[in-house]
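Morning, everyone. Please have the sequence and the structure open while I talk.

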Amino acid sequence: MQADANKTPLARACLHASTPNQTERQALDQSGNSIPLSPVSQPLAADSLPATALPVVETFHSLQGEGLQAGRSAFFIRLGGCAVACPWCDTKHSWPADLHPQRPLAELAGEAEAAAEAGAAFVVITGGEPLHHNLGLLCQALEPSGLPLHLETSGVDQLSGRFAWITLSPKRHRPPSTELLAACQELKVVVHEAADLAFAAAMAVQAREARGGSPGPELLLQPGWDSPAGQALAIDYVRRNPQWRLSLQSHKLLGLR
Ligand code: SF4
């Protein structure tokens, strides 16, 4: 059931609620038509100090279910805290950071090393919105595992930590920073309605602009879970736009975590 975001305990969930400073922008598509670009948000003020312990919702070793890395063995660290408040969020339980135990980084590092021995190919830092926290020390702590570090973020905060792979999943109501648009390896946009496709096209243009002409990120459209309209729109768009590919939440289809 989708909860009403206005009734959620945002007072506890919001680590850094602030109003984005936004600038209206425009660009042209390949046919010369005007694309209304989304406003560029200034990053939220993430925790400025690297944390020695972080709120953890859960850790688990499974398969990556989404995106270009789908189907690969991965160790997940889901951090607590999110103030982005997507109405269709499937991890609303992660929003209040203070409901989840603060876990020392050494403990998480130990679990990552065990996962590496058990076959994990990489670590996924997800949430919640993991970049609400400074991830510098977490990334350092995970280095001895030898596993590449992947990040899943909405891109509303400053980037912290060092990652081999960044999945940027931007939100229409809280557009990402130019920094994350430039840094991501894949851009994954969730589709529920036609406006999400226009947003995805605008994000792709902005990601190319943000890296000054260098090749852009991999482009993926992911239908919202249980959204037949989103599924039809995404499939039709990908069929007509070969630079995009479809991302499915295969872990949900298979009943995996
Ligand atoms: S950014 Fe992610 S965790 Fe936060 S509300 Fe949106 S979907 Fe949920």
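Predicted model: local features only at pLDDT ≥ 70, side-chain atom pairs only at ≥ 80, totals over all residues.

Start with helix 2, residues 105-117. At 1.5 Å a residue, its 13 residues should span 18 Å, and the end C-alpha atoms are 19 Å apart, which agrees. Which residues of helix 2 are buried? They are Leu 108, Glu 111, Ala 112, Ala 115 and Ala 116. Seen down the axis, these buried residues fall within an arc of 145°, so they line one face of helix 2. The buried residues of helix 2 pack against several elements, among them strand 3 (53-63), strand 6 (122-126) and helix 3 (136-142). Just after helix 2, Gly 119 has a positive phi of about 115°.

Next is helix 6, residues 228-240. Here Gly 230, Leu 233 and Ala 234 are buried. They cover an arc of only 95° around the axis, which puts them on the same side of helix 6. The face turned away from that buried side carries exposed residues, including Pro 228, Asp 236 and Arg 240. What do the buried residues of helix 6 pack against? Their partners are strand 9 (186-191), helix 5 (194-210), strand 10 (218-223) and strand 11 (244-246).

Last, the ligand. Among the residues surrounding it are Cys 82, Cys 86, Cys 89, Glu 129 and Ser 154. The shell around the ligand divides into five nonpolar residues, five polar and one charged.

Conventions:
Residues numbered from 1 in each chain as written. Helix = DSSP H or I, 4+ residues; strand = E, 2+ residues; numbered from the N terminus. Expected span 1.5 Å × (residues − 1). Buried ≥ 20, exposed ≤ 12 C-beta atoms within 10 Å, placed from the backbone. Arc of directions from axis to C-beta. Contact = placed C-beta atoms within 7 Å. Near = placed C-beta within 6 Å. Nonpolar A, V, L, I, M, F, W, Y, C, P; charged D, E, K, R; others polar.
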